[in-house]
Amino acid sequence: MFGAHTLVRTWRKTEYLAGKLKGTTSMEISYHASSVRIDARHDAGFFADGVRGEWSVEKYHARRDGTYCEDIRTRRCDENVTGALMLARTLALYFFAKSGMSNCQAFKEKMQANPDMVFDLVMGKEV
């Protein structure tokens, strides 16, 4: 691969806590190509943190899938409508995280009651 200097092999163990596979585990090996060379600053821990960071994004996806059923909707709805809803939800979740609030319903009610707060969030101001 052009520009790749390092190939990282990762073993991933998945434990199923619900559903038909509850109580079972599976192992998966994945490979990640990187343009970063292994050196004193970029050791195995550096690459492990990168792989873990990738999986922290998956927690966010799981939240979206569980809350908004996006995986199911993408199979049943017009893809343009689903894409627009996903984009709107992405912005809403971003602003929710940026607000520092921990209750989604309270955040929604605060936004509905205070349109100026929404404008401030969009403009990048602290709320």
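**Contacts and surface features of the predicted model**

Apart from residues up to four places away in sequence, Ser-30 touches Val-8, Arg-9, Thr-10 and Arg-12, where contact means heavy atoms within 4.5 Å. The structure is a predicted model, in which local features need pLDDT of at least 70 and side-chain atom pairs count only at pLDDT 80 or more, while totals for chains, interfaces and linings use all residues. Residues are numbered from 1 along each chain as its sequence is written, and side-chain values use heavy atoms, with hydrogens and water left out.

Ser-30 belongs to strand S2, which covers residues 25-34; strands (E, at least two residues) and helices (H or I, at least four) are DSSP runs numbered from the N terminus. Ser-30 counts as buried because its relative accessibility is 14%, the term buried being used for values under 20%, exposed for values over 50% and partly exposed for those in between (1.4 Å probe, protein chains only). The side chain of Ser-30 makes a polar contact of 3.2 Å with that of Arg-12 and another, of 3.3 Å, with that of His-32. A polar contact is a pair of N or O atoms within 3.5 Å; within protein, one must be able to donate a hydrogen and the other to accept it, and residues adjacent in sequence count only if both atoms are side-chain atoms.

Arg-12 also takes part in a salt bridge with Glu-28, in which the closest N and O atoms are 2.5 Å apart. Since Arg-12 lies in strand S1 and Glu-28 in strand S2, the pair ties together parts that are 16 residues apart in sequence. A search of the whole structure finds one salt bridge, defined as a side-chain nitrogen of Lys or Arg within 4 Å of a carboxyl oxygen of Asp or Glu. Of the two partners, Arg-12 is buried, with a relative accessible area of 14%, whereas Glu-28, at 41%, is partly exposed.

Strands S1 (6-15) and S2 each supply at least two residues of a nonpolar patch. This surface patch, of about 610 Å², is made by Leu-7, Trp-11, Met-27, Ile-29 and Tyr-31, and S2 gives the most to it, with three residues. Patches are made of residues with over 30% relative accessible area and no salt bridge, like charges being joined within 9 Å and nonpolar side chains (Val, Leu, Ile, Met, Phe, Trp, Tyr) within 5 Å; accessible areas come from the Shrake-Rupley method with a 1.4 Å probe, and for residues only the protein chains shown count as cover. Trp-11, which lies in strand S1, is exposed, with a relative accessible area of 53%.

Thr-6 is likewise placed in strand S1 but is buried, at 8% relative accessibility. A polar atom of the Thr-6 side chain lies 2.5 Å from the backbone oxygen of Val-36. Beyond its neighbours within four places in sequence, Thr-6 is in contact with several residues, among them His-32, Ala-33 and Phe-47.

The structure holds one aromatic pair. Phe-46 and Phe-47 form this pair in an edge-to-face arrangement, with 5.2 Å from centre to centre and 85° between the planes; rings of Phe, Tyr and Trp (its six-membered ring) pair if their centres lie within 6.5 Å, and planes under 30 degrees apart count as stacked, over 60 as edge-to-face and the rest as tilted. Phe-46 is partly exposed at 37% relative accessibility, while Phe-47 is buried at 11%.
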